[in-house]
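Dear colleague,

I am handing over the structure we spoke about, and below it you will find my notes on what was found in it. Please read them with the coordinates open beside you.

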Amino acid sequence: MVLNTRYLASMGILSCLATPLFAAVFQPKALSTRAAPYMTRILDTGTTFAEEDNGVWQLIDADGDGYPDLNYIKTSNTGTGTVEVHIASQKSDFKTRIWESGTTFGLENDGTWLLIPAKTGNLPDLAFIKTSNTGTKTVEVHIASGASGYKTRIQETGTIFAEEDNGTWKLYDYNNDGYLDLVYIKTSNTGTNTVEVHVAAGPDYNVFILHTGTTFLPETDGFWQLAPYSGPGTADLVFIKDANTGTGETEVHVASKASRYQDRIFEGGSAFTEEANGVWGLIDFNKDGVPDLTYIKYQDTGTRTVEVHVASGK
Ligand SMILES: *[C@@H]1O[C@H](CO)[C@@H](O)[C@H](O)[C@H]1NC(C)=O
C-alpha cells in the first residue's frame with residue numbers, strides 16, 4: 001500500500017513542489033523519487049551486542065563520519081553501577097565497539113534517556129529528560145557531554161512543563177534555530193482527544209512555542225518522533241505503527257509541520273511485517289539525504305545478537 005504520490009497529488013502538493021522556491025528549499029527531487037519508500041531492505045545484520053533489554057537502543061552518529069552508529073544507553077543491571085553508554089560503529093558493520101563507559105548518572109528510570117548531537121567533539125551528548133520525582137516539580141533536562149566521556153554535566157535545568165508522562169519526550173531543533181527544543185508528543189489523556197505536540201524553546205525550555213492537536217487520534221501501538229521528512233531542517237511528525245496495522249506491515253505515517261500536523265503527507269506500509277521486538281525510527285541511515293526506516297531488534301532475533309534492519313526511504 002503506497003498512498004504517497006496519489007495522496008500528495010490530491011492535496012495539490014505535487015504541483016506546489018514544482019515551484020522553484022519550494023524546489024530550492026525542500027528538494028522535491030528527493031520527495032518525488034520516493035515512489036515506493038520503505039519497500040526495499042538495504043541492511044539486515046547482527047551486531048557485537050548480545051540480545052539485551054536493559055536500556056535504550058538508538059542510532060546516532062558517534063564517530064563523526066555522518067553515518068549513524070549503534071548506541072546503547074544501559075540504565076539497569078550495569079557493571080559500573082552508573083548509567084552506561086556502549087557504541088558500535090556502522091563502519092564496522094556494528095561489529096566493533098568504539099566506546100564503552102559509565103557516566104555521571106546513577107541508575108534512574110523516571111524519565112527518558114536519549115543521545116543528542118554533540119555540542120563539541122564526535123561522541124553524542126547524553127540527555128535525561130526527567131519526568132517524575134524531580135526536585136523542581138517540573139520536567140527537568142539533564143545533559144552530560146560526550147566530550148567529557150559522560151563525566152561532566154553541561155546542563156541541568158527545570159522547564160516550563162509540569163511533571164508528566166503521557167507520551168514521548170524528545171530533544172529536537174523544532175524551530176531550526178540551532179538549539180534543541182524540548183518536545184512532548186502527548187499520546188494519551190489529551191485535551192483535544194488527538195495526539196498533541198507541545199514544544200518549549202531551547203536552550204532554556206522556559207517558553208512554549210507550540211501547543212497543538214494533530215490529525216492523529218491517540219495511538220500508542222508504535223513509535224512517535226519528529227523527523228526532517230519533507231526536507232532538511234523540517235520537523236514533521238512521524239508515527240511508525242508496528243502493531244494493529246491495516247496492511248499487516250509495519251507502517252509509516254507522516255504529518256507535516258507546515259500544516260501544524262493537520263495534513264498527512266505520507267502513509268504507507270513497508271518491507272517489514274508487524275514486529276514489536278525492538279525500536280523503530282526514521283533516520284538517514286545511508287547519508288543520501290532521505291530518512292530511512294530503521295529497526296533495532298533486541299529480542300527474539302535470529303542471530304541471538306541485537307540486529308539492525310533498514311529499509312530505504314527512496
Ligand atoms: C497524564 O495526563 C493527565 C492529564 O493531563 C494527568 O492528570 C496525569 O497525571 C498524567 N499522567 C502521568 C503519568 O503523567
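Which residue is the bridge partner of Phe128 in strand 8? It is His142. Before I go further, please keep in mind that this is a predicted model, in which local features need pLDDT of at least 70 and side-chain atom pairs count only at pLDDT 80 or more, while totals for chains, interfaces and linings use all residues. Residues are numbered from 1 along each chain as its sequence is written, and side-chain values use heavy atoms, with hydrogens and water left out.

Strand 7 (125-130) and strand 8 (138-144) run antiparallel and are joined by five bridges, where strands are DSSP runs of E with at least two residues, numbered from the N terminus, and two strands pair if DSSP finds at least two bridges between them. Strand 8 is also joined to strand 9 by six bridges, again in the antiparallel sense, and here Thr138 stands opposite Ala162 in strand 9. Strand 8 is mostly covered, since seven of its seven residues are buried (buried means under 20% relative accessible area, exposed over 50%, and partly exposed in between, with a 1.4 Å probe and protein chains only).

The loop between strand 7 and strand 8 holds Lys137, which has a positive phi of about 65° although it is not a glycine; its relative accessible area of 57% makes Lys137 exposed. As background, most residues other than glycine have a negative phi, and most peptide bonds are trans. The loop between strand 8 and strand 9 (153-162) contains Gly149, which is buried, with a relative accessible area of 10%. Gly149 and Pro124 are separated by 25 residues in sequence and by 9.8 Å in space, taken from C-alpha to C-alpha.

Within strand 9 lies Gln155, a buried residue with a relative accessible area of 17%. The side chain of Gln155 makes a polar contact of 2.9 Å with the side chain of Tyr205, a polar contact being a pair of N or O atoms within 3.5 Å, of which, within protein, one must be able to donate a hydrogen and the other to accept it, and residues adjacent in sequence count only if both atoms are side-chain atoms.

Four strands form an open sheet in the order 10-11-12-13, with antiparallel pairing. Strand 10 (167-172) and strand 13 (208-213) stand at the edges with a single partner strand each, so one side of each is left without a neighbour in the sheet. From one strand to the next the twist averages 15°, with axes fitted as lines to C-alpha atoms and angles running from 0 to 180 degrees between N-to-C directions. Inside this sheet, strand 11 (residues 181-186) pairs with strand 12 (residues 196-200) in the antiparallel sense over five bridges, and Leu182 stands opposite Ala200 in strand 12. In the loop between strand 12 and strand 13 lies Pro203, which is joined to Gly202 by a cis peptide bond with omega of about 5°.

The ligand

The residues that surround the ligand are Glu164, Asp165, Asn166, Lys186 and Asn189, a residue being near a molecule if one of its heavy atoms lies within 4 Å of it. An oxygen atom of the ligand is 2.7 Å from a polar backbone atom of Asp165, and an oxygen atom of the ligand is 3.0 Å from an N or O atom in the side chain of Lys186. The protein covers 43% of the 360 Å² of accessible area that the ligand has on its own, as given by the Shrake-Rupley method with a 1.4 Å probe.

Strands 18 and 19

Five of the six residues of strand 18 (residues 278-283) are buried, so strand 18 is largely enclosed by the rest of the structure. Six bridges join strand 18 to strand 19 (residues 292-297), and the two run antiparallel; the bridge partner of Gly278 in strand 19 is Lys297. The loop between these strands holds Lys287, which has a positive phi of about 60° although it is not a glycine, and which is partly exposed, with a relative accessible area of 47%.

With best regards
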